Each structure stands twice: as structure tokens, then as C-alpha cells.
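Here is a quick briefing for anyone meeting this structure for the first time. Take a look at the model, then read on.

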There are 2 protein chains.
Amino acid sequence: MRNMIIASTSTIYGSGYLEYLTPVLSKRLNAAGISEVLFIPFARPGGITHDEYTSKAAKAFEKLDVSVQGIHTFQNPGEAIEKATAIFTGGGNTFQLVKMLHDLELMMPLRKAIYNGCFYLGTSAGSNICGLNMKTTNDMPVVEPQSFKTTGAIGYNINAHYQDPIENDTHMGETREERIKEFHVYNSITVVGLREGSYIDVNGSEEILQGPHQARIFRSNTENQEVDPGFNFATL
Amino acid sequence: MRNMIIASTSTIYGSGYLEYLTPVLSKRLNAAGISEVLFIPFARPGGITHDEYTSKAAKAFEKLDVSVQGIHTFQNPGEAIEKATAIFTGGGNTFQLVKMLHDLELMMPLRKAIYNGCFYLGTSAGSNICGLNMKTTNDMPVVEPQSFKTTGAIGYNINAHYQDPIENDTHMGETREERIKEFHVYNSITVVGLREGSYIDVNGSEEILQGPHQARIFRSNTENQEVDPGFNFATL
């Protein structure tokens, strides 16, 4: 049974790395007696190294008395995923993350681990890979993955860091909503726009919106819909 | 010899479609005695149809006494590119544009036509394909092209609709500059950030910045550089 936290962002404005998630993480990790997390640093935000990124994650988990090991330090990363009781995939560039997961043939082992009940925390790019494909990422395609397919741990796509249109904006680039509308010209998959501070708490068959904000649901050929915290996305 | 206008955007705030480019287009098309433009509508902004998009382009070129034909109306689009004296590729979604060009095997014919002296106008996505690859697009990867390679009609990449960081922004998503920095973790290609209203006027071996704004040059492992209108990018 699935046990996941799928967060829009690792960090909310004016707060430390993973700080706003500490209460829920503490509860979930302690409840399951987890003292070790396998970290997937492949998204490399700002191009930092796997070691640097793992140190950053380790520092945040230290407060929870949980140790962190980077997947890049294992000779057999597939086995590391299989054996893990908790996995955290950090944010950064989704293209680079997905490229690495496909190159190392880790996408399906990751899916399998999640469905086998391994606790999974995703933030930003790490949440994008919970959906069916990475076609609703906001990231720049700085590298070319062999496929855009992701784990399908949930039955819809995430748009992380969802932003409402900026009023009176003079910039002519597309708004986030316009981009997702373009996605639906070519795809019928439902998209959940998660605002920064929101996360989806997946517990078995429930997928509940948590955090202070509403989320925006985009469906093909249907009006967009705002849903309140407590909404169960499994009903989609 | 190349004869191109590579524009950041089709439309500047408060102005009509292609309106700010009318003087330069009028000059260049009249000088070459061009009365017909082949339009590539594949980027489909907002998912509009090829016909709708071609009508929009035709309306803008009407004022210049130039007729527009959509490439999708030709039985042999490769031949249409080969025979064209002027080609315009409109903006929209770069992934969809690049997918279509590769699926129809038109990327190299387009490159060849440009180097043979066919006048080329690109706006936004249509400018992105002038670079070496599409890895610096801002667009959402709504479809999966078979390759990210583009025409290489210029020896660097474009970042269209370039935006400076917004001061005091509380949003935690990456700035444009941070995204291009991530591109340079994995690529050494130089990137030109073109602000809306700027365009590159390519005339033979010269590639001159035109319009009211500076452009921002991003090189791998070098400080970013602002250059003034009149700068020749061929020196990069």
C-alpha cells in the first residue's frame, strides 16, 4: 500500500529546506520506525553535485534523527531501491532526473518500491515523476531523456510550483494555465496544479490535498476546478 | 547567403501581431521582390489549428501585399520549402514544432533553404529552431520530439522571451538565468537571451542585435554579458 508525500516545493518562501514538511515527515517516519532514507539527487538543482545535494538533504533529516544515503554511492542502485524503506527524490531539473532514472533503468523499480509500501517523499521534480509522464514540468529541457514516461505512482500528472496568472503582466510568454491547455491539445491526462506549500498525502488508496492552499485541477475538455485542502485526488 | 529575422516574440505588449516588425519586414521583402511567404504553423499557440494560425499570419502580411500559404496545405512540404523564397515560422510550443519538423523530415531542408538565401522570419519557437538545439526553450514538453536538434542556422542557442529576475519575488521556481545556468552544467553552447522587442538581423555573415533592448549572453564557465543593439553575434 502506498505511503507518499508529493510536495509542490521543498522550500516555501522565508523558510528553511524541507522545514514546513518537518511535522508530517516526523509523524510518518516515526510511525513506520524509519531511521534511514535513500536519497535520489539526480535532479541537481543549479547543477550542484550528487554529494553536495545529498549533504543538504542529510542536514534536513538530521533533525528527525534519520540518516540519508545518496543512491549514487551504491554499486547497485536498483537493489538499493528494492531494499529501501524510505526514498526521497529532491527537486531540480526534471529532464536530468528522468534521463538518469531511465539511463540507469530505475523508473520501474521505483514504481514497484512505491506500490510495495516503501515511504516516498517527492519535492518538485521528485513529485513530477510520480505522475504518468513528465510532460507538465516547468523545467528547461537541458538534456534529452530517452523517454518522458515516469512512474505512474498516481494516475494523473503534477504541475509543481503552480502559479496563477500575474495580473496586469506585460510579458507575452504563456501563463502556466495556457501551457497546461496546450498539453491538453495533445494529451487527455488530468493535471493537478499544486501551489507552493501544498502537498498530496497518499495513504493506501487515499490521495489527500494538504497545506494552506487550494489546488487547481485541469481536465481535457472540461472547465478547470479549484479544490480545497482535504480533497481526495483518488476520485479523479 | 543568409537573410533572416530572428525575433524574441511576434507581438509586443499593447501592439498587434507582427506590428513592430512591419517596417523591417516591408524593407526586406520589398528589396528581394518577395510577394509570397511559406508559413510553418506547426507550433500551434494555444492549440489553434494550422488553418487558423495561417489565417492570422496572412492577415498580418496582407498589409505588406504579401500572400501567405501554410506548409500543411502542400502535398510535398519538403519541396515547398525548397521552392520558397521566404519562410515564416510562427511561435507557440517548441516541442510540437520540433516534433512535426522531425516527423516530416523538414529540419535539414529548412537549414538548407536558409543557407541558400531563402528569407527566413522566426518568432519565439520559430526563432528557437534557428539555434543548435531546442534545449533552451521555455515551453512545456507537451509532446515528445524524436530529437531536440534544430537547424543550426546560427551557431548558438536562443532563449526567446528572455526575462530578468523579478525583484522581491517570493516564488521558489527557478529564474530564467538559473535555468540557463543548469543548461550550461550539461552543455557548452552559448545562449543569447533575447528580450521581447529584440531581434537578430542576419545578413550574410552578420548577425546584428536590433530593437530597443540589450541582449544577455550566457557562456559556459564565463560571466554573463549584456550587449547593446548593434552587437554582432557572429563574433561569438
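**The sheet in chain B**

Chain B holds an open sheet of 7 strands with mixed pairing, running in the order E3-E2-E4-E5-E1-E8-E9. Strands here are DSSP runs of E with at least two residues, helices are runs of H or I with at least four residues, and both are numbered from the N terminus. Two strands count as paired if DSSP finds at least two bridges between them. Keep in mind that this is a predicted model, where local features need pLDDT of at least 70 and side-chain atom pairs count only at pLDDT 80 or more, while totals for chains, interfaces and linings use all residues. Residues are numbered from 1 along each chain as its sequence is written, chains are lettered from A and ligands numbered from 1 in the order in which they are written, and side-chain values use heavy atoms, with hydrogens and water left out.

- At the edges of this sheet sit strand E3 (67-70) and strand E9 (206-210) of chain B, each pairing on one side only.
- From one strand to the next, the twist averages 20 degrees (axes are lines fitted to C-alpha atoms, for helices over the stretch in contact, and angles run from 0 to 180 degrees between N-to-C directions).
- Strand E1 (residues 3-7) and strand E8 (residues 199-203) of chain B run antiparallel and are joined by 5 bridges.
- Across that pair, B:Ile6 stands opposite B:Ile200 in E8(B).

**A sheet and a helix in chain A**

- Chain A has an open sheet of 4 strands, again with mixed pairing, in the order E6-E7-E10-E11.
- Strand E6 (157-159) and strand E11 (225-227) of chain A stand at the edges with a single partner strand each, so one side of each has no neighbour in the sheet.
- Here the twist averages 30 degrees from one strand to the next.
- Strand E10 (residues 215-218) of chain A pairs with E11(A) in the antiparallel sense over 3 bridges, and A:Ile217 stands opposite A:Gln225 in E11(A).
- Helix H7 (residues 176-186) of chain A packs on this sheet, touching E6, strand E7 (191-193) and E10 of chain A. Its direction makes about 30 degrees with that of E10(A).

**Where the two chains meet**

- 46 residues of chain B are in contact with 46 residues of chain A (contact means heavy atoms within 4.5 Å).
- About 3800 Å² is buried between chain B and chain A, and carbon and sulfur atoms give 59% of that. Buried area is the accessible area (1.4 Å probe) that two parts lose on being put together, summed over both.
- B:Met140, B:Met172 and B:Tyr186 supply 19% of the area that chain B buries against chain A, more than any other three residues.
- There are 2 salt bridges between chain B and chain A (a side-chain nitrogen of Lys or Arg within 4 Å of a carboxyl oxygen of Asp or Glu).
- In one salt bridge, the side chains of B:Asp139 and A:Arg179 meet at 3.9 Å, N to O.

**Salt bridges overall**

- Over all chains, the whole structure has 20 salt bridges.
- A:Glu79 forms a salt bridge with A:Lys83, with the closest N and O atoms 3.7 Å apart.
- Both A:Glu79 and A:Lys83 lie in helix H3 (residues 77-83) of chain A, 4 residues apart, or about one turn of the helix.
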